[in-house]
Amino acid sequence: MTEPAHRVVVVSGGSRGLGAAIVRQCHEQGWAVATFSRSPAPYIEATERNGGDGRLFWRAVDGRDSTALQDFVAAVGDRFGGVDALINNASIGKFGAFPLMRLADIDDSIAANLRANIVLARLVTPAMVARGGGAIVNISSVNAIRGNTGVAVYSATKAGLDGFTRALARELGPRNIRVNSLAPGYFESDMVSGLTETQLRRIVRGTPLGRLGSVEEIAAAAVFLISPAAHFITGHTLVIDGGITC
Amino acid sequence: MLMDKPTSAQIEAAVYKTIADVLERAGRQAVAIDNDSPLVAVGLTSLDLAALIAVLRSRLKVDPFFAKTAITDIRTVGDLCRAYRDMIGED
């Protein structure tokens with residue numbers, strides 16, 4: 001197997017929000033970035049329109065489709081020669097009173113937030129083992145750590161990811177594959193856009209740093225965890241929440 | 001890399017060569033193997049098998065263990081060859 005010209009990262013759900021910021025920051029830091037989403041990725045489209053540099057790859061994939069994920073990972077291998085890092089970012093938020101939640105919404109949440117991430121890790125880890133190293137970051141949530149009303153299933157999927165992270169870190173550490181999760185608190189995103197002014201004020205009041213996070217701050221933490229600067233960090237959940245859970 | 005649909009003999013050769021490559025990369029002594037050799041006796045750990053599957057994925061373009069076959073059903077080198085033969089035969 002030939003050495004790739006660039007380190008290669010797969011980012012799930014890279015079309016908007018946190019995923020788009022992670023894609024852009026990885027690209028700016030020299031990574032070759034492969035991402036998928038159900039909707040087009042504006043940053044990649046704009047970069048390609050301006051000539052591109054051959055380091056971006058996007059496909060329309062629904063992460064709940066395991067065969068489509070398998071084809072995507074194979075295509076990334078053909079394009080870039082392998083995968084050095086995976087950032088499992090894609091997730092959906094189905095919120096509301098748990099006793100009233102539709103079964104389809106429960107199934108969707110588990111399929112998108114937990115199963116798809118596990119399947120994607122299953123697809124990239126054999127090659128990481130063969131190459132002798134890699135890094136995986138699972139995007140979790142402070143809701144995996146603290147109980148909050150209306151997010152029971154979402155919290156369960158994210159806590160599941162944290163457990164997956166620790167077990168995988170122990171299993172794959174001997175092959176130099178690091179596995180961490182990142183638990184963002186409240187940051188400016190679609191996820192908080194549905195909150196009322198009163199709810200937002202209460203969150204800011206309860207946050208020692210006195211503000212919401214920015215998407216760039218959260219993305220930077222994810223990029224840090226796959227970088228050489230984090231080479232002795234594995235099995236860890238990095239909480240980045242302005243202190244709201246401390 | 002095999003571009004056309006490989007024959008049974010090519011599949012077997014790819015499996016044997018990949019086992020040798022993985023053992024060599026792991027710094028372990030290659031042993032004489034045949035289809036009856038148990039994988040444990042060959043010296044392959046579970047993570048060696050993961051590496052083996054990745055390399056065979058690039059060489060044979062299939063991964064029988066993603067959706068079709070349980071790795072726990074594979075006990076010998078011959079079982080491994082059969083898993084790839086069955087998968088490729090279905091394509």
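## Val124(A) and its surroundings

Setting aside neighbours within four places in sequence, Val124(A) is in contact with Val10(A), Val73(A), Val83(A) and Leu86(A), two residues being in contact if their C-beta atoms, placed from the backbone, lie within 7 Å. This is a predicted model, in which local features need pLDDT of at least 70 and side-chain atom pairs count only at pLDDT 80 or more, while totals for chains, interfaces and linings use all residues. Residues are numbered from 1 along each chain as its sequence is written, and chains are lettered from A and ligands numbered from 1 in the order in which they are written.

Val124(A) also belongs to the largest nonpolar core, which has 91 residues and in which Val9(A), Ile22(A), Val124(A) and Ala222(A) have the most contacts. Such a core is a set of buried Ala, Val, Leu, Ile, Met, Phe, Trp, Tyr and Cys residues joined through C-beta atoms within 7 Å; a residue is buried if 20 or more other C-beta atoms lie within 10 Å of its own, exposed if 12 or fewer, and partly exposed in between.

## Helices 3 and 4 of chain A

Helix 3 and helix 4 of chain A pack at an angle of about 35°, with their axes 10 Å apart; axes are lines fitted to C-alpha atoms, for helices over the stretch in contact, and angles run from 0 to 180 degrees between N-to-C directions. Helices (H or I, at least four residues) and strands (E, at least two) are DSSP runs, numbered from the N terminus.

In this packing, Ser66(A), Leu69(A), Gln70(A) and Val73(A) of helix 3 of chain A meet Val119(A), Leu120(A), Leu123(A) and Val124(A) of helix 4 of chain A. Sorted by class, that contact has 6 nonpolar, 2 polar and no charged residues, where Ala, Val, Leu, Ile, Met, Phe, Trp, Tyr, Cys and Pro count as nonpolar, Asp, Glu, Lys and Arg as charged, and the others, Gly among them, as polar.

## The sheet of chain A

In chain A, 7 strands form an open sheet in the order 3-2-1-4-5-6-7, with parallel pairing; two strands pair if DSSP finds at least two bridges between them. Strand 3 (56-60) and strand 7 (237-240) of chain A stand at the edges, each with a single partner strand, so one side of each is left without a neighbour in the sheet.

Strand 1 (residues 8-12) and strand 2 (residues 32-37) of chain A pair in the parallel sense over 5 bridges; Val8(A) has Ala32(A) as its bridge partner, and Val11(A) has Thr35(A). Both faces of strand 1 of chain A are covered, with Val8(A), Val10(A) and Ser12(A) buried on one side and Val9(A) and Val11(A) buried on the other.

## Where the chains meet

The contact between the chains takes 8 residues from chain A and 9 residues from chain B. On the side of chain A that touches chain B, helix 3 (66-80) and helix 4 (103-131) of chain A are the elements that give two or more residues, and the largest share, 5 residues, comes from helix 4 of chain A.

## A site in chain B

Asp4(B), in the segment before helix 1 (8-25) of chain B, is exposed, with 6 other C-beta atoms within 10 Å. Asp4(B) and Leu60(B) are 56 residues apart in sequence and 9.4 Å apart in space, C-alpha to C-alpha.
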